[in-house]
Amino acid sequence: MRTRQENPTPCEIAKPAWPQGKRFAFTIVDGTDRSTVQNVGPGPVYDFLSELGLRTTKTIWPLAPLGPPRTGGQSLDPDYRRWVLELKDQGFEVALHGASDENSTRERVLRGLNYFREVIGQDPRLHANHTGQVESIYWGRRSSTACRRSSTSGPGGSPRARINSTGVAGSPYLWGDLCRDRITYVRNLVFPEINTLKVDPLMPYHDRWRPYVRYWFSSSEGHGPFLLPAHLSSSFAGIWRTG
Ligand SMILES: [Zn+2]
């Protein structure tokens with residue numbers, strides 16, 4: 001059996017082939033933090049994306065939190081669920097942001113995955129860890145992989161959570177096998193650079209040292225109104241040159 005030191009190339013790379021010979025793709029993963037039907041629901045943002053022909057990704061929490069929420073925002077309440085299903089019917093992707101807006105044990109994660117499947121009609125293809133959740137997959141220091149370090153040439157991201165129980169034997173929060181069996185892609189780090197492939201040219205990749213994630217991918221940071229426009233103004237020309 002080879003040790004980590006003897007096996008310096010843990011990455012298995014799944015290079016995407018863009019359809020029709022396209023040179024790059026653009027999409028958005030819309031985190032569900034603080035989202036409600038009132039502030040994000042049916043209205044100008046998704047109407048605009050739809051008019052442009054963009055079918056982006058919207059994450060959800062299937063279950064309402066049992067205790068105080070971490071950030072707030074709706075889970076699959078009836079009105080939010082109705083809107084999410086409208087987006088799905090239009091062709092938008094619905095993805096997972098953890099089972100709920102709080103820490104979730106394996107039992108709750110399983111319940112959330114099953115409810116996701118019941119409502120959406122299939123398992124999520126994509127999962128993004130939510131801030132500070134104990135059950136986050138390989139989060140905190142565990143998210144900085146040898147694959148990621150070897151693939152990224154730009155500014156490094158900083159892990160945003162210090163707690164993680166992915167690898168702690170006996171933890172009630174272990175759900176890695178469910179992630180491996182039911183989810184295809186997990187977001188790893190985010191970067192202040194709109195050309196994501198420039199800083200992580202290997203993505204999506206499988207890291208054999210972190211076997212519960214089938215494929216990792218990176219993102220460009222765009223969670224606030226001040227960040228994405230800055231990327232666009234400084235880097236959008238670059239994406240045309242290099243994309
Ligand atoms: Zn979040």
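This is a predicted model: local features need pLDDT of at least 70, side-chain atom pairs count only at pLDDT 80 or more; totals for chains, interfaces and linings use all residues.
Helix α2 has 13 residues and reaches 19 Å from its first C-alpha to its last, close to the 18 Å expected at 1.5 Å a residue. Just after α2, Gly-91 takes a positive phi of about 110 degrees.

Let us turn to the chain as a whole. Its secondary structure comes to seven helices and eight strands, and 35% of its 243 residues count as buried. Of the contacts between residues at least 6 apart in sequence, 80% join residues at least 24 apart.

Next, the largest nonpolar core. It has 31 residues, and Val-94 and Val-186 touch the most other members. At least two residues of this core come from each of α2 (78–90), β4 (93–96), α3 (106–120), β6 (185–191) and β8 (215–220). Leaving aside residues up to four places away in sequence, Val-186 touches His-127, Ile-137, Cys-179, Val-213 and Trp-216.

Finally, I turn to Asp-200, in the loop between α6 (196–199) and β7 (205–207). Is Asp-200 buried or exposed? Asp-200 is buried, because 26 other C-beta atoms lie within 10 Å. Between Asp-200 and Leu-189, eleven residues apart in sequence, the C-alpha to C-alpha distance is 9.7 Å.

Key: Residues are numbered from 1 along each chain as its sequence is written. A nonpolar core is a set of buried Ala, Val, Leu, Ile, Met, Phe, Trp, Tyr and Cys residues joined through C-beta atoms within 7 Å. A residue is buried if 20 or more other C-beta atoms lie within 10 Å of its own, exposed if 12 or fewer, and partly exposed in between; C-beta atoms are placed from the backbone. Helices (H or I, at least four residues) and strands (E, at least two) are DSSP runs, numbered from the N terminus. Two residues are in contact if their C-beta atoms, placed from the backbone, lie within 7 Å. The expected span of a helix is 1.5 Å times one less than its number of residues.
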